[in-house]
Amino acid sequence: MKLLHIDSSILGDNSASRQLSGEVVKAWQAADASAVVTYRDLAADAISHFSATTLVAAGTTAELRNAAQQHEAELSASTLAEFLAADAVVIAAPMYNFTIPTQLKAWIDRIAVAGQTFRYTEAGPEGLCGGKKLVIVSTSGGLHVGQASGVAHEDYLKLLFGFLGITDIEFVRAHGLAYGEEVRSKAMNDAHTQISEQLFAAA
């Protein structure tokens, strides 16, 4: 089983989402000894944002690409290949200014590819990534689930990956992290409990 682990927080060792996503991966490996993990740290090794160069590179044959275009084409290909090869994906998605980190959006723009992860048909769009399992570690300083302020965070991720055909999505949440030590401690403890006692209970 191939597991793709994505971190996106800029906070390094102080990141709650990194801590929890790491726990999810360890729990997954404990539940399934066959799991082989590929790791991407989108903050330490950022993927460049989608640009005109990216589009031109995709439409230019390899022998005619300049160095910048070749880099973009290789980056797009390797990022997409990792995602397509994964049976399961763990994504750490902290909330920044009511949405996901820009570096996570840059990764999404490399994997949402017409003809590869989705396609349009006469009956409408069709996701091509059904069968993958997705765990999203959702962290935020405030409380946004079910609120308008959370639409561009969790709701966006559910919409995006649902569009790609992924319906097996589970959230591990630690919210209200900026509401004081008592609220933060409870949120993190609840997330730890979910990971250790519930996430792989059926494994």
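This is a predicted model: local features need pLDDT of at least 70, side-chain atom pairs count only at pLDDT 80 or more; totals for chains, interfaces and linings use all residues.
How many nonpolar, polar and charged residues does the lining of the largest pocket have?

Residues are numbered from 1 along each chain as its sequence is written, and side-chain values use heavy atoms, with hydrogens and water left out.

**The sheet**

Begin with the open sheet, whose 5 strands pair in parallel in the order 2-1-3-6-7; strands (E, at least two residues) and helices (H or I, at least four) are DSSP runs numbered from the N terminus, and two strands pair if DSSP finds at least two bridges between them. At the edges lie strand 2 (36-41) and strand 7 (168-174), each pairing on one side only. From one strand to the next, the twist averages 15 degrees, with axes taken as lines fitted to C-alpha atoms and angles running from 0 to 180 degrees between N-to-C directions.

Select residues 2-7 next, which form strand 1, where 5 of the 6 residues are buried, a term that means under 20% relative accessible area, as against over 50% for exposed and in between for partly exposed, with a 1.4 Å probe and protein chains only. Strand 1 pairs with strand 2 in the parallel sense over 6 bridges, and Leu 4 has Thr 38 of strand 2 as its bridge partner. Follow the chain from strand 1 through helix 1 (residues 16-31) to strand 2, a β-α-β crossover that is right-handed: with the strands pointing away from the viewer, the path from the first strand over the helix to the second runs clockwise.

Strand 1 also pairs in the parallel sense with strand 3, over 4 bridges, and here Ile 6 has Ile 91 as its bridge partner.

Arg 40 belongs to strand 2 and, at 12% relative accessibility, counts as buried. A C-alpha to C-alpha distance drawn from Arg 40 to Ile 91 comes to 9.8 Å, although the two are 51 residues apart in sequence. Asp 45 lies in the loop between strand 2 and helix 2 (52-58) and is exposed, with a relative accessible area of 55%. Between the C-alpha atoms of Asp 45 and Gln 103, 58 residues apart along the chain, the separation is 9.5 Å.

Now select Phe 50, Thr 54, Ala 58, Ser 76 and Val 113, the closest to the centre of the largest pocket among its 15 lining residues. The lining has 9 nonpolar, 2 polar and 4 charged residues, where Ala, Val, Leu, Ile, Met, Phe, Trp, Tyr, Cys and Pro count as nonpolar, Asp, Glu, Lys and Arg as charged, and the others, Gly among them, as polar. Helix 2, helix 3 (67-85) and helix 4 (102-111) each supply at least two residues of this lining, and the largest share, 5 residues, comes from helix 3.

Finish with Leu 11, Ala 16, Pro 94, Thr 139 and Leu 177, which lie nearest the centre of the second largest pocket, lined by 14 residues; a pocket is an open set of points on a 1 Å grid over the protein atoms alone, where a 1.4 Å probe fits, with protein on both sides within 12 Å along at least five of seven lines, and lining residues have an atom within 4 Å of a point. This second lining divides into 6 nonpolar, 7 polar and 1 charged.
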